[in-house]
Amino acid sequence: MDIRSLGYVGVEGPNPRDWLPFAVQVCGLTPSPLVPGQDPSETGPEAGTSKDGTVFFKMDGRQWRLAVHPEEKSGLRYLGFEIASPGAFETALTELQGHGIAVTPGTPEECVMRGVRRMAHFADPAGNRIELFFSATSDRPFESPPGISSFVTGALGMGHVGMLVPDLEAGLHFYLDVLGFEESDYFEIGPGMAMHFLRCNARHHTVAVGRVGDFKALHHILLEVQNIDDVGQVHDRATAASIPISTQIGRHANDLMISFYMNSPFGFDIEIGCDGILVDEDWVPQKLIQPDIWGHAGLSAEVDGDD
Ligand SMILES: [Fe+2]
């Protein structure tokens, strides 16, 4: 299956507009000037907000990369993986059906609300909604209000996600054998507990799948910036805004990312990092003992399960 990148992420929880000060003033995203489904001639009720209360954020030339949907319960709503062509999209659907996975085509209305030409969705073994799409919408070049130079996206996708699942074996089978990700490395946390780092392009990992107990949860979403000054400036703004820093700055041993983690308005973490390595087909998967070269005090796989 020819998944090129993580194209977009949808999260959900109460009061999506709580994300505006966090995502814009702290992280450096911008509200989408035109949200999916909005007629260019009509002005939206509020910046980045669609009629159903979803708030869309830009981090590059794409119309949006992160959507925050209104819902009582908070957590991950969907991951959108990008397929490069209509032919590859059809092939992917056929492969999924061959694995016995129930695939639902996105309705025309759903495709409009994602700003994509075509989309289909299904569930991973933990029940997370996975969407495949091709042909996203671009609008205008990205300009970050607080001065982030730019985010590292393009062929590498919007970043990565770390997910906790109750059945690690089933999760790994799904992402590796069904969706065709490659394993970059892994480390063991304890008996029956581990984190595995999986890639679909040169970014060291686009999905981290781990198990620390019998629950599923979105642990974090990484947004990668250009350099350590960008990371430091986001850290300064987070501190000034009294955003809880859940993991202090440090450098991971696997992707060599220098990063820190902070609490999003919905509880799961946003990781802000730079200097992530690129890997190619010569990369040999390895087991890690020490997950960090330095720092990252406070990093743990502990979250509130959303099931
Ligand atoms: Fe991460």
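This is a predicted model: local features need pLDDT of at least 70, side-chain atom pairs count only at pLDDT 80 or more; totals for chains, interfaces and linings use all residues.

**A close look at the metal site**

Mentor: Happy to! Residues are numbered from 1 along each chain as its sequence is written, and side-chain values use heavy atoms, leaving out hydrogens and water.

Now find the iron ion. Its protein donors are His160 (NE2), His220 (NE2) and Glu271 (OE), which lie 2.0 to 2.2 Å from it; donors are N, O and S atoms within 2.8 Å of the metal (3.2 Å for Na, K and Ca), and as water is not among the atoms, sites may look incomplete. Along the sequence, the donor residues follow the spacing H-x59-H-x50-E. Histidine 160 belongs to strand β9 (residues 160–164) and histidine 220 to strand β13 (residues 217–224), so this pair ties together parts 60 residues apart in sequence. Both histidine 160 and histidine 220 are buried, meaning under 20% relative accessible area (1.4 Å probe, protein chains only).

Step back to the whole protein. There are 18 strands and five helices (DSSP runs of at least two residues for strands, E, and at least four for helices, H or I). Of the 307 residues, 53% count as buried. Taken along the principal axes, the C-alpha atoms fill a box of roughly 55 × 50 × 35 Å.

Conventions. Buried means under 20% relative accessible area, exposed over 50%, partly exposed in between (1.4 Å probe, protein chains only).
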